[in-house]
Amino acid sequence: MNLTLKIWRQPDAASAGAMHTYQLADVSEDMSFLEMLDVLNEQLNDQGEEPIAFDSDCREGICGTCGLMINGEAHGPEVTTTCQLHMRSFSDGETITIEPWRSDAFPVIKDLVVDRSAFDRIIQQGGYISVNTGSAPEAHSVPVPKDDADRAFNVATCISCGACVAACPNGSASLFMGAKVTHLGLLPQGQPERDERVVNMVAQHDHEGFGGCTNIGACTAACPKEIPLDVISQLNKDLRTAIRNGH
Amino acid sequence: MDMPDTVTSTEASASGSLDGDYDDAAGYYTPGAPLVDAKAPSGPIAERWQNRKFEARLVNPANRRKLDIIIVGTGLAGASAAATLGEAGYNVKTFCYQDSPRRAHSIAAQGGINAAKNYKEDGDSVHRLFYDTVKGGDYRSRESNVYRLAEVSTNIIDQCVAQGVPFAREYGGLLDNRSFGGVQVSRTFYARGQTGQQLLIGAYQALERQVSAGTVSMYARHEMLELVVVDGKARGIIARDMVTGEIQTHLADVVVLASGGYGNVFYLSTNAMGSNVTAAWRAHRKGAYMANPCYTQIHPTCIPVTGSHQSKLTLMSESLRNDGRIWVPKNQADCDKDPRDIPEEDRDYYLERIYPSFGNLVPRDIASRAAKYQCDDGRGVGPEVDGTRRGVYLDFADAIERLGRQAVETKYGNLFDMYARITGEDPYQVPMRIYPAVHYVMGGLWVDYDLQSTIPGLFVTGEANFSDHGANRLGASALMQGLADGYFVLPHTIRDYLADGPFERISEDHPAVVEARESVTSRIEHFLTVNGERSVDSYHRELGNIMWEYCGMERTETGLKKAIDLIRGLKEDFYRNVKVLGSAETLNQSLEKAGRVADFFELGELMCIDALNRRESCGGHFRGESQTEDGEALRHDEEYAYVSAWEWAGEDSIPILHKEDLVYTAIEMKQRSYK
Ligand SMILES: Cc1cc2nc3c(=O)[nH]c(=O)nc-3n(C[C@H](O)[C@H](O)[C@H](O)COP(=O)(O)OP(=O)(O)OC[C@H]3O[C@@H](n4cnc5c(N)ncnc54)[C@H](O)[C@@H]3O)c2cc1C
Ligand code: SF4
Ligand code: FES
């Protein structure tokens, strides 16, 4: 298939960016979206134009490195990551617009690459269970009901991609945070720090410039791992409990 | 060939009399002095690690914060070490090339992690895990290291559960296990098909906790481009800030490389796009020996290539082989038919036929080679790429009938979804198509029992070292090794080295530091000014083809020699004719790739030389010249029961080979048989 690509180009964080238009011919439907961009980049390199910078690493939908706004949708039209999107989801002659995540808390570094280090700083504020190496009890000493373990796993599959933030009109990271708070809150090991965790993570979230949640649900719709919206209710519940407990 | 008496076999090779006729690599290397592991422990195998831990000197808690540790890599091996050493109170700096430490490629591991918990009461034990791992490695690993790995495996599970890793559980709330390729006990712990992700998130969270506590400083989007060696000791690294392009010097008392595997030398592999050998290779050029570089694991269950645009290959966890049945059509004429229309009697379940006792669960190398033979024989399935169908069926129809769709979905749901997304086919309806792909490298930097390389003060952990898997790795053992090294081994062994520190401060204008920094800047400058005709990727793809063709599933003397010539020619052309646009002062992904590919050329050549030297088939290394009459791998313990440790001898010299003899006292060497 032949495509027209409108792609955001920005030399660095300090410079202004703009959309550029490229034509790409002979795209196979078996290509992944990023392989399509690889082919474009080879073409640009041959023509003496600097290739377009975009992030990716595993290309299997698990590392969370990739992430593009494709025709205005985070990760494009399917429920998956950008790297797992394939060209069979597009058709011949189509025009595709490609932009970076847009959020105040994710500044653009270059072209389609953004800085998501704010997510790491949120985790630093309590997205863990404090247990030093070597001090753990025998694994079977604390059984965990299967339903809790399964649900903890489901929400722990968040890949930290940032699509939820990019999709949210408020630029909120509540889904990302809710997933972590719910994961650890479902496990007996996560109880001792539960109150402190939610309070500190939310404080960091606000400090980073992410917006508040107004229950729009665009985050869940964009999430490649289908993290459910109710993790945000859990987040709010935990926050209320923590405040009530004097945190 | 059966080896009844192990001691004799190692003595035979200790005499070092390699029959001249068999040394295919003569002229490609210089023989060096034998290598001995000075830290090798002695005594009963089960007491060795306890003794070493006791003998390793302690560092006073008050001194720890005066000791600086650099850790390159935040995968399971790096993040676990950084967290643990941070908790102990050392001053740690860690580096990764991704934008967050949580994205290291350990995240992609699917199937599970082994541990000798024996929760199933099925006869598992530390000794059995040890035995299986040595046997799986085809008697080319070090027994003391492997025993220690098996020993600490149980602590890993305890630690991860305490961190909140949501392993799969049974209805009673206890942990579930499954059995994994090549073994007959259930000792693999898993978190659906995303075990690596969950383990890495656990280690990452422990790491971030230390960042918050101030003991660990994290440098994401920083790439190590050179090792700093002062007075024979590793004292730091030169790194490039990948966003600003700044070339930074980081000095320390000790450096740890946990930089992962180099499978991307094959261009197409299941590794991440950025996986590289640069950190390890730069250390190699500074004096760290590279061990068994040719030992590559080719994984049998990957999604086949669709065309030349292919940028990477995707693994389907081999846990799928527990329930899926592998087959090809008996008749070439059926290869392009809808598989559902091929009747039972026209299908060849070739693994079940050739290996009746292990069937679809034979080790990875056997399964991979068998698939290659079927396809070479014209019975492959799927699209034709370059004239051959490279794929075999992995069929779940029986499993779905036996267990029900629900059960299959619970076990493998995310893998099936991934397959459907990539291929556009529904594996609940149509059998999957799979083909082998490069997946893991057993080779890596040589380390002693303490995980220290031949450069004092340089430690190497995880996939980047060579020590535990011999010539082949068992499924679910790399995650175990990464976490064993990082949580439980390195923190003990490194203290013995650090007990002599803090070492004399060195300044940034020390000649060795200046030299390292200049070599980095001049390389960058070179790439940006060649202004040739071809992209970095085009060279990488061509190198990968050479490696896959001649140093892949089957290797021969003629093929390897040809590969070496081709690599040398291509490398020369690369330096003269590569085209890297953009500047050094911003994010520049072509520039990053150029540096990595440059190192892959040198590594690729060494892999071929190593493969050439080893005229035997062992584990993942299959030499066409060394097989039994019915085509099985044939090991030669008298000649080759050694570790090949290669020393860099300079840009214009051939490498030096040091041999470390493998001595087995706790286990008897046996020729593998899975029939
Ligand atoms: C698809 C897949 C599935 C797998 N499944 C399993 C499984 O089920 N069970 C199992 O046991 N094993 C499995 N393995 C193998 C296992 O995942 C790896 O061997 C293991 O995770 C490697 O861990 P590591 O910490 O050594 O390296 P990695 O996790 O690869 O980490 C390497 C780190 O080094 C950093 N780095 C590298 N080079 C540089 C540089 N130059 N400068 C700065 N930083 C650098 C990277 O940023 C990264 O942080 C699988 C592997 C793959 C590819
Ligand atoms: S919640 Fe979903 S969209 Fe948000 S970071 Fe996690 S995986 Fe990405
Ligand atoms: S590149 Fe890893 S999730 Fe897309």
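**Chat about the model**

Modeller: Happy to, and let's start with one residue: A:Ser117 is buried, since its relative accessible area is 19%. Please keep in mind that this is a predicted model.

Biologist: Which element is A:Ser117 in?

Modeller: A:Ser117 sits in helix H2 of chain A.

Biologist: And which side chain does the side chain of A:Ser117 make a polar contact with?

Modeller: That would be the side chain of A:Arg121, at 3.1 Å.

Biologist: How many Å apart in space are A:Ser117 and A:Pro107?

Modeller: Their C-alpha atoms are 9.9 Å apart, and in sequence the two residues are separated by ten residues.

Biologist: Thanks! Let's turn to the interface. How many residues of each chain are in contact across chain A and chain B?

Modeller: Chain A contributes 73 residues, which are in contact with 75 residues of chain B. The two chains bury about 6,200 Å² between them, and 50% of that area is on carbon and sulfur atoms.

Biologist: How many salt bridges are there across that interface?

Modeller: The rule finds four salt bridges between chain A and chain B. One salt bridge pairs the side chain of B:Arg221 with that of A:Asp55, with N to O at 2.8 Å.

Biologist: What about residue pairs in polar contact, how many between the chains?

Modeller: The count is 48 residue pairs, with both residues at pLDDT 80 or more.

Biologist: Which elements of chain A give two or more residues to the side that touches chain B?

Modeller: There are helices and strands on that list: helix H1 (33-47), helix H2 (117-124), helix H3 (146-156) and helix H5 (174-185), along with strand S6 (108-110) and strand S7 (113-114). By class, the side of chain A that touches chain B has 33 nonpolar, 22 polar and 18 charged residues.

Biologist: Nice. Now for chain B itself: how many helices and strands?

Modeller: Chain B has 18 helices and 22 strands. Its radius of gyration is 24 Å, close to the 26 Å that the globule rule gives for 675 residues, so chain B is as compact as a globular protein of that length.

Biologist: What does the C-alpha trace of chain B span along its principal axes?

Modeller: The span is about 75 × 60 × 50 Å.

Biologist: And what percentage of chain B counts as buried?

Modeller: Of the 675 residues in chain B, 67% count as buried. As for contacts in chain B with a separation of 6 or more, 75% of them come from residues 24 or more positions apart.

Biologist: Switching to the backbone, where is the cis peptide bond in chain B that involves B:Pro502?

Modeller: The cis bond joins B:Gly501 and B:Pro502, with omega about -5 degrees. B:Pro502 lies in the loop between helix H13 (478-498) and helix H14 (511-530) of chain B.

Biologist: I'd also like to check phi. What is it for A:Asp26?

Modeller: Phi of A:Asp26 is near 60 degrees, which is positive in a residue other than glycine. A:Asp26 is in the loop between strand S2 (18-24) and H1 of chain A.

Biologist: Is A:Asp26 buried or exposed?

Modeller: A:Asp26 is exposed, with a relative accessible area of 66%.

Biologist: And B:Asn292, buried or exposed?

Modeller: B:Asn292 is buried, at a relative accessible area of 2%. B:Asn292 is not a glycine either, yet its phi is positive, about 45 degrees. Its place is the loop between strand S11 (290-291) and strand S12 (296-302) of chain B.

Notes: Residues are numbered from 1 along each chain as its sequence is written. Chains are lettered from A and ligands numbered from 1 in the order in which they are written. This is a predicted model: local features need pLDDT of at least 70, side-chain atom pairs count only at pLDDT 80 or more; totals for chains, interfaces and linings use all residues. Side-chain values use heavy atoms; hydrogens and water are left out. Contact means heavy atoms within 4.5 Å. Buried area is the accessible area (1.4 Å probe) that two parts lose on being put together, summed over both. A polar contact is a pair of N or O atoms within 3.5 Å; within protein, one must be able to donate a hydrogen and the other to accept it, and residues adjacent in sequence count only if both atoms are side-chain atoms. Helices (H or I, at least four residues) and strands (E, at least two) are DSSP runs, numbered from the N terminus. Ala, Val, Leu, Ile, Met, Phe, Trp, Tyr, Cys and Pro count as nonpolar, Asp, Glu, Lys and Arg as charged, and the others, Gly among them, as polar. The radius of gyration is taken over C-alpha atoms; the globule rule is 2.2 Å times the number of residues to the power 0.38. Buried means under 20% relative accessible area, exposed over 50%, partly exposed in between (1.4 Å probe, protein chains only).
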